[in-house]
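Trainee: Could we go through this one together, one question at a time?

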Amino acid sequence: MDNELEQIKTQAISEIQGSTTYHELDTVFRSYLGRKGRVTLQLRALSGMPIEERKTRGSLLNGLKENIEKAAQEKRSALETNKNKEEGAAWIDITRPGTPLQKGSVHPLTRVGWEIEDIFVAMGFDVSDGPHVETEYYNFEALNIPANHPARDLWDTFWLKPKNAGYVLRTHTSPMQIRYMEKHQPPLRLIVPGRVFRYEATDQSHHFQFNQVEGLMVGTDVSVAHFRAVIGEFFEKFFGTRVETRLRPGFFPFVEPGFEVDMRRQGTGWLEMAGAGMVHPNVLKVVGYDPQKVSGFAFGMGWDRLAMMKYHIDDVRLFQEGDIRFLKQFV
Amino acid sequence: MKFSYGLLQDLVEKKLPAPNELADFLTMHSFESDGVSGTGEHTVLDLDILPNRAHDAASHMGVARDSAALLNSSLKEPARASLHFRDTHPDIDVRIENKDLCRRYCVVKIENVSVSESPAWLKERLEIMGLQPINTIVDIANYVMLITGQPLHAFDYEKIASRKKSIIVRSAQQGETVRALDGSTYTLNQDIGVIADSDGVLAIAGIKGGSRSGISEDTKTIVIESANFAPSSIRASSQALRLTTDASWRFERDVPPCFAPLALEIAAKMITDIAGGVVDTSAVDVNYSTPHNPRITLHTQRLNRLLGVEIPEENVTNTLRALEFSIEGEGDSIVVVPPEFRLDITTEYDVYEEIARITGYEKVPATMPYGVLSSPVHRNDVRSWKRRITQEIVSYGFFEIHTVSFVKKEWVELFGMTDDMVWELENPIQDSLPFLRPSLIPHGAITAFRNTRYVNEAVRMFEVGHGFLKQKGKSHEEDLVSLVIARKDKENDTELFYEAKGVITALCDSLGVGGDGVFEPFSTTAEGQCQMPLFHPLQSARISIDNEMIGAVGVLASSSKTVLGIKGTVVAAELRLGPLLQNARSERVYQAVSKYPSITRDISLFVPLNTRVADIESILWNATGDVLYDVDMFDYRPIAQDNVLSIAFHLVFQSPERTLLSQEVDEQMELVTQAIQQNPSWEVR
């Protein structure tokens with residue numbers, strides 16, 4: 001009896017040591033200790049034996065099992081060191097570049113526009129675009145900028161032919177304040193991101209066409225304090241950092257009071273970010289609202305500038321040039 | 001605008017803070033500072049006077065007033081001569097003929113002045129503020145303008161015609177000329193105002209003096225004019241003459257009429273102090289101006305609600321007193337009258353702004369608004385679709401670009417359009433780009449082509465933007481999306497057409513565009529010209545859904561490439577989002593995948609060149625029963641020498657109800673073969 005087990009042991013260990021691959025080792029191991037392995041079957045047969053015999057034989061078999069497991073474990077470790085050699089044929093050069101995928105990119109201005117939208121939408125603002133060709137009425141008059149008023153000089157305007165038809169390229173996104181209020185009743189919250197045009201020379205920081213985002217919130221008791229909170233929240237979300245804001249006097253005919261909005265990130269100086277103010281009572285009246293019942297704030301912000309700050313772009317002209325070496329950086 | 005720190009200090013009772021501190025202080029409460037330069041007597045503050053304050057504060061007294069209010073101090077008025085103003089004078093007859101032009105006209109006569117070089121301190125102050133010293137009289141006139149904001153003009157009394165000097169303010173006659181102090185001659189018209197005597201024009205009213213009555217070293221007796229001209233009139237004259245001066249700039253901004261006598265008194269005093277002479281204290285003041293004294297009722301509750309912070313009533317009244325408002329009443333109905341020169345203050349809101357800025361916006365806390373959660377938010381559908389379209393096209397390997405909205409005349413013609421269908425700019429930024437773009441393709445094509453030098457094969461770009469058309473004089477603006485594929489190395493790579501078409505198909509699928517999309521050739525004119533000259537007539541298509549044109553795709557014609565200055569193969573497409581999105585669906589409905597296996601059979605054909613794939617496909621579909629599930633072209637090879645096209649399709653058969661038998665599919669294929677062979681020039685391989 002012992003002999004038989006001894007023989008199994010010798011044979012098993014020699015087969016284990018003779019294995020050259022994991023697969024072979026596994027097959028050998030399973031032929032002894034797998035579900036139908038020789039040793040497994042003998043262990044299973046124990047249950048049918050008298051108690052005494054079961055004890056002696058059980059301990060012998062368990063000893064045998066441990067020996068085989070130990071040998072297999074040792075062999076596995078030995079094979080581990082040979083592993084690379086064993087799979088040598090399947091070597092790949094992982095330093096070779098990955099297959100290039102044909103990728104495009106969203107323009108950085110579009111990308112920033114979406115971010116702006118998402119932040120304001122999360123604060124309950126509606127989003128609207130509006131026409132680029134505007135009437136003099138919406139671009140100026142309805143915004144409390146009468147004809148022949150020097151305030152019109154604030155905007156260098158592109159006029160469309162014939163001039164007396166009164167069509168202009170919108171000089172700001174503010175006309176949408178009027179268009180939107182004409183169609184909606186307060187309380188309302190709106191942003192208007194879009195392209196605007198100014199008749200001015202192009203240089204590193206100016207372009208005759210650029211992008212603005214207009215904001216408007218009108219309701220009962222909407223205040224300067226509310227504006228400070230909303231614009232501060234926007235800057236913090238947009239830049240993802242603590243931001244300080246301050247307001248100082250500014251003039252835009254369609255707000256009263258009017259202010260300039262400056263922003264400062266930690267360790268940097270104040271930067272002028274937006275023009276803003278409380279919607280002028282004349283503007284509220286133009287759309288049929290009662291300035292004694294509702295008030296609102298409005299702001300206009302250069303969106304190109306936000307993108308330039310975000311991506312450290314130093315020349316506004318890059319946005320319109322469509323140079324693929326620029327665009328590829330935004331894939 | 002430049003301000004002398006020394007002069008500001010002269011005009012404020014309290015000691016001013018250091019220049020930089022003052023600049024910061026003014027920035028936060030009044031006018032933004034663009035910086036401080038110089039030291040000591042030469043210290044200059046560069047301030048941006050807000051447009052609505054240019055009438056009263058583009059002057060040292062104006063800035064000193066705001067500074068004094070901020071420092072709880074008061075204005076120190078400059079010394080002035082005491083003049084007795086009447087509307088008549090024994091030696092001088094002032095007549096305002098055009099009251100729309102001139103609202104007030106004050107003059108004073110000073111005899112025995114000595115015209116010479118100004119003292120050093122005066123010259124220095126003028127120079128640091130950018131003015132060239134000339135002589136005592138002119139320098140003082142300029143200096144008083146810098147102090148008060150009121151432009152002054154000095155005439156040589158003797159050079160005004162006749163014994164009793166008549167000064168007439170009138171409109172110029174058509175063709176009348178005047179030689180200005182600088183030597184240039186201006187030809188005038190009726191829209192331009194002048195100061196004249198019986199001999200003709202002495203000066204262009206409110207803009208520039210004439211040489212005939214100019215001050216010289218020999219001048220002994222002078223007349224100083226301190227007048228008020230209407231902004232609209234000066235603006236019109238200044239535009240007509242293309243001439244802007246310090247004076248015209250100020251009058252255009254509506255100088256308060258109350259400044260006229262004040263400035264005259266200050267000037268008279270300075271002249272006698274510096275240039276000697278004797279002032280004739282009987283001065284002239286012809287005044288047609290309306291006083292500015294609105295009574296404004298304030299509602300402190302409304303102020304507090306507007307600012308979002310409680311301002312104590314005491315602060316309100318103190319601030320307004322410091323700004324020289326007069327105040328009556330208290331509590332929620334204070335009535336105030338602004339000082340005469342604050343023409344910008346007409347409503348309660350203007351007053352609230354004064355209180356807010358002097359108090360300081362830093363006193364207003366940031367308070368999040370609260371509101372009803374279900375406040376209506378109307379998502380702009382076109383905008384959200386545009387975002388999806390952009391993301392989709394980027395995923396096909398295209399780079400988004402933003403191009404200029406202006407185009408050349410020749411580019412408009414590429415779309416078969418005439419000038420009256422597009423908008424022309426009155427004042428183009430470049431003469432070569434006078435029109436608003438009807439399409440995004442031209443700039444897109446040029447941009448893509450320009451980038452081919454950086455890329456080994458094709459450049460793929462797209463833009464989402466507005467196109468502009470003019471219809472019966474009205475604006476018709478459209479949301480467009482255009483795509484361009486360009487390669488420089490191959491002249492006729494028509495595969496790019498199919499790529500563009502593939503993009504459009506994929507995009508339409510992703511937008512859930514229903515309806516029957518059709519690609520069909522553009523019609524040609526009687527002269528054989530393509531309706532869309534931009535494209536190669538045989539390599540382009542108009543795309544329509546349910547008979548409405550939603551866009552176009554095509555290979556650019558060589559003539560178009562010449563016009564655009566580009567080469568190689570350029571394929572472009574443009575879709576009109578309006579009609580396209582009419583057919584789009586954001587909702588998806590799942591359709592059960594057939595549980596039964598499909599069987600695919602291939603069929604290869606030889607057909608004559610120029611046979612349309614659509615025609616073959618329709619025969620394949622018509623020949624089979626409803627078990628044909630999909631037709632998928634996988635090989636397309638024109639064999640030019642044999643004048644034949646080798647083409648092959650996978651035909652996929654599947655039933656949603658049962659497993660198809662091989663034999664059944666064989667029968668279907670037999671039907672297909674028979675149908676193909678109906679056409680004698682087609683051959684099944």
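Trainee: Over how many bridges do β1(B) and strand β3 of chain B pair?

Mentor: First, a word on the model: it is predicted, local features need pLDDT of at least 70, side-chain atom pairs count only at pLDDT 80 or more, and totals for chains, interfaces and linings use all residues. Residues are numbered from 1 along each chain as its sequence is written, while chains are lettered from A and ligands numbered from 1 in the order in which they are written. Helices (H or I, at least four residues) and strands (E, at least two) are DSSP runs numbered from the N terminus, and two strands pair if DSSP finds at least two bridges between them. β1(B) and β3(B), residues 44–48, pair in the antiparallel sense, and the number of bridges is three.

Trainee: Which residue of β3(B) is the bridge partner of F3(B)?

Mentor: Start with the sheet around that pair: three strands in the order β1-β3-β2 of chain B form an open, antiparallel sheet. β1 (2–4) and β2 (32–37) of chain B stand at its edges, each with a single partner strand, so one side of each has no neighbour in the sheet. Strand to strand, the twist averages 30°. In β3(B), the bridge partner of F3(B) is L45(B).

Trainee: At about what angle to β2(B) does helix α2 of chain B run?

Mentor: Helix α2(B), residues 19–29, lies across β2 and β3 of chain B. Axes are lines fitted to C-alpha atoms, for helices over the stretch in contact (C-beta atoms, placed from the backbone, within 7 Å); angles run from 0 to 180 degrees between N-to-C directions. Relative to β2(B), helix α2(B) runs at about 170°.

Trainee: Turning to chain A, which strands are at the edges of the seven-stranded sheet?

Mentor: The seven strands follow the order β1-β4-β5-β9-β8-β7-β6 of chain A, in an open sheet with mixed pairing. Within the sheet, β8 (271–279) and β9 (295–302) of chain A run antiparallel and are joined by five bridges, and G277(A) has A298(A) as its partner. Pairing on one side only, the edge strands of chain A are β1 (126–127) and β6 (243–249).

Trainee: Back in chain B, at roughly what angle do the axes of helix α11 and α12(B) cross?

Mentor: In this contact, N315(B), V316(B), T319(B) and L320(B) of α11(B) meet E354(B), I355(B), I358(B) and T359(B) of α12(B). By class, the contact has four nonpolar, three polar and one charged residues; Ala, Val, Leu, Ile, Met, Phe, Trp, Tyr, Cys and Pro count as nonpolar, Asp, Glu, Lys and Arg as charged, and the others, Gly among them, as polar. The axes of α11(B), residues 313–322, and α12(B) come within 10 Å and cross at roughly 95°.

Trainee: Which helix gives the most to the side of chain B that touches chain A?

Mentor: The contact takes 70 residues from chain B and 62 residues from chain A. On the chain B side, 31 are nonpolar, 23 polar and 16 charged. With six residues, the one that gives the most is helix α12 (residues 348–359) of chain B.

Trainee: How far apart are the end C-alpha atoms of residues 594–685 of chain B?

Mentor: UniProt lists that span as "domain: FDX-ACB" in an unreviewed entry; its positions are in the numbering used here, feature names are shortened, and annotations may be inferred rather than shown by experiment. The span is 29% helix and 37% strand. Its end C-alpha atoms are separated by 31 Å.

How values were computed:
Two residues are in contact if their C-beta atoms, placed from the backbone, lie within 7 Å.
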